[in-house]
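Hi,

Here's the structure I promised to send over.

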Amino acid sequence: MSSTDLAGNPVAAPSPVPAPGRPGSPGTALAAAMLGFALITLDTSVVNVALPAIGADLRAGMSGLQWVVDSYTLVFAALLLSSGALADRVGASRAYGAGVVVFTLASAACGLAPGLPALLAARAVQGAAAAVMLPASLALVREAYGDPGRRARAVSLWAAGGTLAVALGPVAGGALTTAWSWRGIFSVNLPLGLLALVLLTRVARSERRPAPFDLPGQLTAMTALGALTFAAIEGGGEARWALGTAVAAFAAFLLIEARRRHPMVPLGLFRNPTVAVAVAAGSANSVAFYGMVFVFGLFFQQVLGLSALGAGLMFLPMTGLLAGVNVLSAKVAARYGARLPVVLGQAVAVAGLLGLLTVDADSSRAAQALLLVPLALGAGFSLPPLIAAMMEAVPAERAGTAAGLLNAIRQTAGALAIAVFGSLAARDMATALRTSLLISAGLLALTTLASLRLPRGRG
């Protein structure tokens, strides 16, 4: 098989050779990786429908609820930049196992949190563990499957594990919150974490690769993302200082990465058109999907007066088809290449977002639930081939770094969407709903056009 170097030239991509001494199979590695990704996405979708209950119990306002989501997502996004290199350095299987252990323990701490500060701290630890797990899980898939076609299908199944968790999350979260308490939503992570660890014992050890840790780059990246999110959530006079800090930290980050011999984010990656398009389109996808789940979760409960379970059931038509669409998109990409499903999926999502502009408090419940479906179908159809195309566009030794970079920027986009859309919702829900829809549709329309630059056919 072959891949491309940073300049886009074909290079050989060696098949990883697992270390001897531990049994393993591609199917077991894929199952373990899918479960980890499911844990990460389940945590996000479960929490969204429980936010009003968390706010009432812990006396948290809108900014507090935004931080419940973004304290996880922000740490997750910032540490993803270096956790991909960590997966390469210590081996994907070791990094994955450590991440699952910490994530499971932090989930228990979330469920036992006595107040908002403790919950936010535990959520941040969850985010750090998830940052280690995600690129390591994707690297496990790449190591397990040497053939590009089988790997593309495996990546789609990996993504399907996450989308299935997204589908189950709102309903499970709503049911647990309604029948018990918001604290119950974190308990579902405990048995899943244990199962992931059991599966990991049957996976071959991953090869270690040299990957220096970039501490200055990591610190400036975290400062930039944290300050930018603070400015978007808190607003007021302090927002200007936070925004200035974010700009200065980001400039320092770019300068550091350009001058380091072993940067955390190799800026040369972005000279590859496939990488640039994948990052842009993946970010727009996250803004639209996670931003809408956040806003409509609040809309269903605060405006329509639905229970947490009722809000979760409103998302069921939207999320229930995601896993099947992920698998279908892999088949289409295998036959026609990544460009067709990526462009088509984003176009469908844009149409869905524009259709949602007709939703208001007087719309029928069935219409509200069904109008969310095109957004999910479009996002689910475009994302797996987008990820697979980017993974094929980088050499094998950059797999962990590329996975971390793509998902870090996607998670950052989602965190900023929640920060901005939540601040709008704190002022006026109706205005927030329409503004967030227009922003999301505009971004996806731009990346739909940009995706026409992806290679034609199967490459």
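There are three cavities of 30 Å³ or more in here. By cavity I mean a set of points on a 1 Å grid over the protein atoms alone where a 1.4 Å probe fits but cannot get out; grid points are joined across faces, edges and corners, and volume is the space filled by probe spheres set on them. Bear in mind that this is a predicted model, with local features needing pLDDT of at least 70 and side-chain atom pairs pLDDT 80 or more, while totals for chains, interfaces and linings use all residues. Numbering runs from 1 along each chain as its sequence is written, and side-chain values use heavy atoms, without hydrogens and water.

The largest cavity holds about 200 Å³. Its lining (residues with an atom within 4 Å of a point) has 18 residues, and Thr 163, Val 166, Tyr 290, Leu 383 and Arg 410 are the closest to the centre. H1 (26-58), H5 (148-179), H9 (273-303), H11 (322-336) and H14 (373-392) each supply at least two lining residues; helices here are DSSP runs of H or I, at least four residues, numbered from the N terminus.

The second largest cavity has about 140 Å³ of space. Of its 16 lining residues, Thr 44, Thr 73, Phe 76, Tyr 290 and Gln 411 lie nearest the centre. H1, H2 (62-90), H9 and H15 (399-427) give two or more residues each, and H15 gives the most, with six.

Cheers

Methods
On a 1 Å grid over the protein atoms alone, a cavity is a set of points where a 1.4 Å probe fits but cannot get out, and a pocket is an open set with protein on both sides within 12 Å along at least five of seven lines; lining residues have an atom within 4 Å of a point.
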